[in-house]
Amino acid sequence: MIATELLEKYGAVKKFFDKTAIIFEEGNLPTHYYQILSGEVKMSNYNDDGREFIQGIFYKEQSFGEPPLFLNQKYPANAIAVEDTEIFLLPKINFMKLLEENPVISLKIIENLAQRLYYKSVMAAEMSTQEPEHRVLKLIDHGIAYFNFKKDANGYLINFTRQQIGDLTGLRVETVIRTIKALEKKGVLKIINRKVYR
């Protein structure tokens with residue numbers, strides 16, 4: 001999202017996180033802007049039963065954790081490396097200066113946050129009222145648009161595990177597996193070598 005050279009100009013440093021490492025924890029106050037150089041990060045929290053709910057998954061060149069940074073509020077979720085991940089960390093004060101001095105970047109950040117809010121609104125409505133098939137398809141279709149899933153001869157490769165789909169939609173993994181199989185029978189999805197395509 002923000003060019004590497006610009007981040008470095010404002011004092012960003014690269015930091016490596018091993019798979020499953022915690023980048024920041026729910027309840028902590030934000031101190032940095034985070035942008036992924038390589039790898040994958042999930043933001044999630046747990047309900048009283050210990051069930052994980054994934055708030056979002058972020059990939060290369062995406063940022064995460066900005067709303068609490070702008071509001072100076074505690075993080076509502078944990079950020080965890082899904083795989084070995086390298087991230088740019090830019091101190092909050094430097095990030096704010098970068099935005100003030102680069103209005104085009106400010107607009108990109110606003111657009112990105114608006115896109116996330118839109119996704120959350122759509123998914124909240126889906127999860128409260130819709131059947132599993134509808135929830136899974138809505139998530140997949142949003143993923144195609146938002147995460148730029150790759151397309152090949154089989155269609156769009158859905159780069160979520162069954163567990164991640166469950167955690168993003170509030171469904172149990174067993175329900176996700178049955179739902180994907182049902183959608184395959186209807187010709188809506190394809191399963192090739194255990195990978196899901198739309």
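1. Helices α5 and α7. In this predicted model, helix α5 (residues 132-146) packs against α7 at an angle of about 85°, and their axes are 9 Å apart. The two helices are therefore roughly perpendicular to each other, since an angle of 65 to 115 degrees counts as such. On the α5 side the contact is made by Pro132, Glu133, Val136 and Leu137, and on the α7 side by Thr175, Thr179, Ile180, Ala182 and Leu183. Sorted by class, this contact of α5 with α7 has six nonpolar, two polar and one charged residues.

2. Helices α6 and α7. Helix α7 (residues 173-185) also meets helix α6 (residues 162-169): their axes come within 8 Å and cross at roughly 110°. That angle makes α6 roughly perpendicular to α7. Arg162, Gln163, Ile165 and Gly166 of α6 make the contact with Val173, Val176, Ile177 and Ile180 of α7. Five of the residues in the contact of α6 with α7 are nonpolar, two are polar and one is charged. Ile180 of α7 takes part here, and Ile180 is also listed in the contact with α5.

3. Burial of α6. Six of the eight residues of α6 are buried, so this helix is largely enclosed by the rest of the structure. The buried residues are Gln164, Ile165, Gly166, Asp167, Leu168 and Thr169. Of these, Ile165 and Gly166 are also part of the contact with α7. After α6 comes Gly170, which has a positive phi, near 80°.

4. Gln163. This residue lies in helix α6. How exposed is Gln163? With a relative accessibility of 39%, Gln163 counts as partly exposed, because that class lies between the 20% limit for buried and the 50% limit for exposed. Gln163 and Ile177 are 14 residues apart along the chain, and their C-alpha atoms are separated by 9.1 Å. Both residues belong to the contact between α6 and α7.

5. Four strands form an open sheet in the order β2-β7-β4-β5, with antiparallel pairing. From one strand to the next, the twist averages 30°. Strands β4 (residues 40-46) and β7 (residues 78-81) run antiparallel and are joined by four bridges. Lys42 has Ile80 in β7 as its bridge partner. Helix α6 packs on this sheet and touches β4 and β5, its direction making about 115° with that of β5.

6. The other sheet. A further open sheet of four strands has the order β1-β8-β3-β6, and the pairing is antiparallel. Here the edge strands are β1 (13-17) and β6 (63-64), each of which pairs on one side only. Which strand does β3 (residues 32-38) pair with over two bridges? The partner is β6, and the pairing is in the antiparallel sense. Tyr34 has Phe64 in β6 as its bridge partner.

7. Helix α3 (residues 92-101) lies across β3 and β8 (85-91), and runs at about 80° to β8. Both strands belong to the sheet with the order β1-β8-β3-β6.

Terms used: Residues numbered from 1 in each chain as written. Predicted model: local features only at pLDDT ≥ 70, side-chain atom pairs only at ≥ 80, totals over all residues. Heavy atoms only, no water. Axes fitted to C-alpha atoms, helices over the stretch in contact; angles between N-to-C directions. Parallel < 35°, antiparallel > 145°, perpendicular 65-115°, else oblique. Contact = heavy atoms within 4.5 Å. Nonpolar A, V, L, I, M, F, W, Y, C, P; charged D, E, K, R; others polar. Pairing = 2+ DSSP bridges. Buried < 20%, exposed > 50% of the residue type's maximum accessible area, 1.4 Å probe, protein only.
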